[in-house]
Amino acid sequence: MEYIYIFRSYIKDGTLLKFGYTADIWSRLAGYKSANPGIEIVYIAQLADAYKLEQAFHKENPAI
């Protein structure tokens, strides 16, 4: 199964939301936590078409 996620990362100038897709949500979270221990989960959903949703989102909302 696939997951989409939104994580909140705290940076020097405020916060940053990270939206993405993964097949292993706990491994992805652990990877982010190793670089940013204060990262928090905002939303996680397990979806059959998570990759397509993530691609559509990033197409309509380029990174800042």
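A quick definition to start: a residue is called buried under 20% relative accessible area, exposed over 50%, and partly exposed in between, with a 1.4 Å probe and protein chains only as cover. Glu40, with a relative accessible area of 31%, is therefore partly exposed.

Some ground rules before the points. This is a predicted model, where local features need pLDDT of at least 70 and side-chain atom pairs count only at pLDDT 80 or more, while totals for chains, interfaces and linings use all residues. Residues are numbered from 1 along each chain as its sequence is written, and side-chain values use heavy atoms, leaving out hydrogens and water.

1. **The salt bridge.** Glu40 and Arg8 join their side chains in a salt bridge, at 2.9 Å from N to O. The term requires a side-chain nitrogen of Lys or Arg within 4 Å of a carboxyl oxygen of Asp or Glu, and by that rule the count is one. The pair ties together distant parts of the chain, with Glu40 in strand β3 and Arg8 in strand β1, 32 residues apart. Arg8 has a relative accessible area of 26%, so Arg8 is partly exposed.

2. **The hairpin.** Strands β1 (residues 2-11) and β2 (residues 14-22) run antiparallel and are joined by nine bridges. Two residues lie between β1 and β2 in this hairpin. Strands (E, at least two residues) and helices (H or I, at least four) are DSSP runs numbered from the N terminus, and two strands pair if DSSP finds at least two bridges between them.

3. **The sheet.** Three strands form an open sheet in the order β2-β1-β3, with antiparallel pairing. The edge strands are β2 and β3 (40-47), each pairing on one side only. On average, neighbouring strands are turned by 15° against each other, direction ignored. Axes here are lines fitted to C-alpha atoms, for helices over the stretch in contact, and angles run from 0 to 180 degrees between N-to-C directions.

4. **The helices.** Which strands does helix α1 touch? Helix α1 (residues 25-35) packs on the sheet against β1, β2 and β3, and its direction makes about 15° with that of β1. Helix α2 (residues 50-60) also touches β1, β2 and β3, with its direction at about 140° to that of β2. Contact means heavy atoms within 4.5 Å.

5. **Tyr32.** This residue of helix α1 is worth a look in your viewer. Leaving aside neighbours within four places in sequence, Tyr32 is in contact with Tyr5, Phe7, Lys18 and Ile39. The C-alpha atoms of Tyr32 and Phe7 are separated by 9.1 Å, with the two residues 25 apart along the chain. Tyr32 counts as partly exposed because its relative accessibility is 24%.

6. **Ala48.** The loop between β3 and α2 holds Ala48, which counts as exposed at 68% relative accessibility. Not counting residues up to four places away in sequence, Ala48 touches Met1 and Glu2. Its C-alpha atom is separated by 6.1 Å from that of Met1, 47 residues away along the chain.

7. **Tyr43.** Finally, Tyr43 is found in strand β3 and is partly exposed, at 43% relative accessibility.
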